[in-house]
Amino acid sequence: MLGERIVFNGLNSEKMFSSETVPLPELAPGEILVKVRLASICMSDVHTTTGQRVEPTPSVLGHEAVVEVIAHRRPESDLMKGDRLTFSIADSCTKCEFCLKGLSQKCTKLFKYGHAKLSDGSGFNGCYASHIIIRSGTHVVKIPNIISDRCAAPINCSLATVMCAMEFVPKIKNGRAFVQGDGMLGLYTSVVLHELGYETVYCSGNHIQRSQFITRFGAVPLYNDRRINYEILIEETNKIDVVVEVCGVSNVVNDGIKLLKPGGLYLFLGMVHPHSDLHITGEQIIRKCLMIKGIHNYAPRHLDQAVDFLVKTIDKYPYEEVVGPTYDLSDLQNAIKIATEKTYARVLVKPNMK
């Protein structure tokens, strides 16, 4: 069987992307051969293709996708050909110190889909391809029929990461939260906080076209109106229980600290890059008895929770509408260009669409 893959050769190569059609390797014990039904473009891939982060090359990028089982070598599982799946973006050993303490995303033998050289494993390690070979240590979850491919594609990055973050969020009567960022992470964070029972959830950002979605996800949108934002900052100073940073911009942190009430919780999810110096003092944290927690990726249980959450709320919120247009895999470079413009929370890629 042949598989197609779009290879990222690096920014300085003569051709940044090239298409290859090569034989799919034989499955090893525990592996699953899946075809990619639909992939979505995460902003981390945009950062890689614009030079804001460095990944090994040559490689197949992409880690968000809904896939379909072709064959597998997991005899103990109930997987069937044709099952739709989502899968953990990290493959782990399940035996090291970090796996045993519930931090499998920090496994000492960690492998991440869409972030590995072609020579590391099967060569079908990323979602911008017709097929993926899922490794033996990768957690998979079946996608119920109620969830469309468009809604399922981003589950295994943004939504699962949000579920990990929410483990640390206290359930507070009349709770107040502030989400800094209106991308996919921000929209998911807003709706999950709303479902947790937070009475007021603010969501700030730069993409005014998303304000309607923020409102429909149960939050109060805040945009680049300095007067309104200043008034909110003054009004809510020392009144917010939880602030969640999902925008990747470090200069919002001082505002977040001002908003938090004493004993409040600050979650960092978005600043996963080196340009994230924090211009704060220890005194700001100590005097308010704040807790600051970093969240990076997630453990298998959070992927289960993400699918369960979507099943329970799929008819309540406009998940499908926030996802943008679909491009053929052969047009990946143009799809990434559209994703870079940030008009849509996600842009989709589908193999063999033409």
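The largest cavity in this predicted model holds about 30 Å³ of space. How is such a space found? Rolling a probe the size of a water molecule over the atoms shows where empty space is left. The structure holds one cavity of 30 Å³ or more.

I41 and M43 belong to its lining. So do A339, Y344, A345, R346 and V347. Sort these residues by class and six are nonpolar. One is charged, and no polar residue takes part. R346 is the charged one, because Arg counts as charged.

Now step back to the whole chain. The protein chain is divided into two parts, domain 1 and domain 2. Domain 1 is written as two stretches, 2-156 and 298-350. Domain 2 covers 169-294. Trace the numbers and you will see that domain 2 falls between the two stretches of domain 1. The C-alpha centres of the two domains lie 28 Å apart.

Where do the domains meet? In this interface, 16 residues of domain 1 are in contact with 13 residues of domain 2. Together, domain 1 and domain 2 bury about 1400 Å² between them. Carbon and sulfur atoms give 65% of that area. On the side of domain 1, F309, Y317 and V322 lose the most area to domain 2. These three residues together account for 33% of what that side buries.

Two salt bridges are counted between domain 1 and domain 2. Find R216 and E321 in the structure. Their side chains meet in a salt bridge, with 2.8 Å from N to O. R216 lies in domain 2, and E321 lies in domain 1. Six residue pairs across the interface are in polar contact.

Finally, sort the side of domain 1 that touches domain 2 by class. Ten of its residues are nonpolar. Four are charged, and two are polar.

Definitions and conventions: Residues numbered from 1 in each chain as written. Predicted model: local features only at pLDDT ≥ 70, side-chain atom pairs only at ≥ 80, totals over all residues. Heavy atoms only, no water. Domains from an automatic or database assignment. Contact = heavy atoms within 4.5 Å. Buried area = accessible area lost by both parts, 1.4 Å probe. Salt bridge = Lys/Arg side-chain N within 4 Å of Asp/Glu carboxyl O. Polar contact = N/O pair within 3.5 Å; in protein donor to acceptor, adjacent residues only side chain to side chain. 1 Å grid on protein atoms, 1.4 Å probe; cavity = no way out; pocket = protein on both sides within 12 Å on 5 of 7 lines; lining within 4 Å. Points joined across faces, edges and corners; volume = space filled by probe spheres on them.
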